[in-house]
Amino acid sequence: QPETPAADEPAGDAEKPDEAAKADGEDGEDAGDAKADAKADAKAPAKGGGDVVAILAANPNTKTFSELLPLSDYGKGLHGTEGSGFTVLAPSDEAFAKLPKGTIDRWKKKPAELDEVIRYHVILGNNDVNKLTNFRTAPTASGKELEVKVSDNEITVQGARLIETDLTASNGVVHVIDRVLTPPKK
């Protein structure tokens, strides 16, 4: 199984001498295939690196949320596997673009406020869509509840529509939503 050593490396890093020699010695087709295989392996949650943070980073629609996570102590903890997992409601980049100008910059300067926002987007436990729709209100990591509504073939959480669902991670599941949820003031 030649792909086993590459699975521990980030996708696209074919720096191993024997792999580089193979790629140089052939007509280039196999080198392209190896890169494609490495990228496919990077998306498979069971290969390690497939936690909710990695799923968010790999999704082209959740770059903003992914960039904010490491700025929050709670966001950094989403790599963990303790407890029953995480259900992350990740606002799309389009949702972040709708926020009032300066909101993201303010959060970057106020980690405690950002931390609260991120906690408000995390439901404790591993809740795929089927489990999520069993809630009337879902408990967040911030201690506040989010209202879950199901109508026709649309699911909303606190008024935000789920636009991508069941992105499975090694320590939970990610659902992409169409707006940023703002926690109620204390």
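Two strands count as paired here if DSSP finds at least two bridges between them. By that rule β3 and β4 are partners, running antiparallel over three bridges, with A138 standing opposite L146 in β4. Strands and helices are themselves DSSP runs, numbered from the N terminus: at least two residues of E for a strand, at least four of H or I for a helix.

Before going further, a word on what you're looking at. This is a predicted model, so local features need a pLDDT of at least 70 and side-chain atom pairs count only at pLDDT 80 or more, while totals for chains, interfaces and linings use all residues. Residues are numbered from 1 along each chain as its sequence is written, and side-chain values use heavy atoms, with hydrogens and water left out.

How far can you trust it? pLDDT is the predictor's confidence in each residue, on a scale from 0 to 100. The protein averages 78, and 72% of the residues score at least 70. Where pLDDT is low, the predicted coordinates should not be read in detail.

Now the overall picture. The secondary structure comes to 10 helices and seven strands. Of the 186 residues, 38% count as buried, meaning under 20% relative accessible area; exposed means over 50%, and partly exposed is in between (1.4 Å probe, protein chains only). The protein exposes about 10700 Å², with carbon and sulfur atoms supplying 50% of it; these areas come from the Shrake-Rupley method with a 1.4 Å probe, and for residues only the protein chains shown count as cover. Among contacts between residues at least 6 apart in sequence, 63% join residues at least 24 apart.

Back to the sheet. Seven strands form an open sheet in the order β2-β1-β7-β6-β5-β4-β3, and the pairing is mixed. β2 (122-124) and β3 are the edge strands, each pairing on one side only. Strands of a sheet pair through backbone hydrogen bonds, either parallel or antiparallel.

Follow the chain from β5 onward and you meet two hairpins. Strand β5 (residues 154-157) pairs with β6 in the antiparallel sense over two bridges, and the bridge partner of T156 in β6 is R161. Two residues sit between β5 and β6 in this hairpin, and Q158 in the turn has a positive phi of about 55°. Next, β6 and β7 pair in the antiparallel sense over five bridges, with A169 opposite G172 in β7. This hairpin has two residues between its strands.

On to the charged side chains. A salt bridge here is a side-chain nitrogen of Lys or Arg within 4 Å of a carboxyl oxygen of Asp or Glu, and by this rule the count comes to six. One of them brings us back to R161: its side chain meets that of D178 in a salt bridge at 3.6 Å, N to O. The pair links distant parts of the chain, with R161 in strand β6 (residues 160-169) and D178 in the segment after β7 (172-177), 17 residues apart. R161 is partly exposed, at a relative accessible area of 34%. Salt bridges that share partners join E154, R161 and D178 into one network.

What else does D178 touch? Leaving out residues up to four places away in sequence, D178 contacts S92, A95, K98, A160, R161 and I163. D178 and T156 are 22 residues apart in sequence, with their C-alpha atoms 9.4 Å apart in space.

Two other salt bridges deserve a look. E113 pairs with R106, the closest N and O atoms being 2.7 Å apart. E113 is partly exposed, with a relative accessible area of 24%, and R106 is partly exposed too, at 35%. E116, meanwhile, forms a salt bridge with K144, where the closest N and O atoms are 3.2 Å apart. E116 lies in helix α9 (residues 111-120) and K144 in the loop between β3 (137-139) and β4 (145-151), so this pair ties together parts that are 28 residues apart in sequence. Both E116 and K144 are buried.

Notes
Contact = heavy atoms within 4.5 Å.
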